[in-house]
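Here is a short note to read beside the model. Please keep the 3D view open as you go.

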Amino acid sequence: MIARGAPIVILTGAGISAESGLQTFRGEGGLWEGHRVEEVATPEAFARNPELVQRFYNMRRAKLGDPAVQPNPAHKALALLEAEWPGSVTLVTQNIDNLHERAGHRAVIHMHGSLDRIRCLACYSENTWLVDVEPESACPSCTTSGRLRPAIVWFGEMPHALDAIAEALSEAALFVAIGTSGNVYPAAGFVAAARADGARTLELNLEPSAVRTAFHEARHGPAGDVVPAWVEELLAR
């Protein structure tokens, strides 16, 4: 599909982490079923009821420590691709978990933030945070108490690193979306941006996404099956 060593950009979504035992936010059984978005995933919700919002994300963060939640073959295959592909591999994820890093991927762009980080509303610093955030929790940088929030991009906030992502898309020879619904923008528009700059595009998903027709090619099935098969094929060329 592309010359060996050509730049690759990969977008991953909730579908890749679902196979590791993490619930998706949308769909049947998704995390939003027990809460309205407006209750737990907006700046207004945090201002109105910070205890509820912190409890919701504390539960998500604790789930990352569950021994049953481990990187799956798809995560490991992408880490292998980063290590062995002679060109650049830019991995952008919509996911807020750390499974890509735990699989061995060295450079991950978390466009929607990370569960294992917190932000201080007093000094605006971010720090790694692996335990529950309590009302009296103090900022590691400025020691102010009661001013921490999850370092998550909520609805109504700007995703991270959009300029860097746009630059990578403009240079990509191949854009691949894995485990994404195609319903969430701006990520759902990445395929169109990549194609406009001449990239080949591939969808690897459990089922056709909402933007399937924007891709040159699609392969459907569990990420743990289709992603390793694609990586093996690409590295063997």
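1. **What you are looking at.** This is a predicted model, where local features need pLDDT of at least 70, side-chain atom pairs count only at pLDDT 80 or more, and totals for chains, interfaces and linings use all residues. Residues are numbered from 1 along each chain as its sequence is written, and side-chain values use heavy atoms, with hydrogens and water left out.

2. **Overall build.** The chain holds nine helices and nine strands. These are DSSP runs numbered from the N terminus: helices are H or I with at least four residues, strands are E with at least two. The radius of gyration is 18 Å, close to the 18 Å from the globule rule for 237 residues, so the chain is as compact as a globular protein of that length. That radius is taken over C-alpha atoms, and the rule is 2.2 Å times the number of residues to the power 0.38. Along the principal axes, the C-alpha atoms fill a box of roughly 55 × 35 × 35 Å.

3. **Inside and contacts.** Of the 237 residues, 48% count as buried. Buried means under 20% relative accessible area, exposed means over 50%, and partly exposed lies in between (1.4 Å probe, protein chains only). Take contacts (heavy atoms within 4.5 Å) between residues at least 6 apart in sequence: 64% of them join residues at least 24 apart.

4. **Helix α7.** Which residues of α7 (residues 162-171) are buried? They are Ile165, Ala168 and Leu169. Seen down the axis of α7, they fall within an arc of 100°, so they line one face of the helix. The arc is that of the directions from the helix axis to the C-beta atoms. On the other side of α7, Asp163 and Glu171 are exposed. The cover over the buried residues includes β1 (8-12), β2 (89-93), β3 (108-110), β7 (174-178) and α8 (190-196).

5. **Alanine 194.** This residue sits in helix α8. Is alanine 194 buried or exposed? Alanine 194 is buried, at a relative accessible area of 0%. Leaving aside neighbours within four places in sequence, alanine 194 contacts Leu169, Phe175, Ala199 and Thr201. Alanine 194 and leucine 169 are 25 residues apart along the chain, yet their C-alpha atoms are separated by 5.2 Å.

6. **Glutamate 167.** Now go back to helix α7, where glutamate 167 lies. Glutamate 167 counts as partly exposed, at 48% relative accessibility. From glutamate 167 to arginine 237 is 70 residues in sequence and 26 Å in space, C-alpha to C-alpha.
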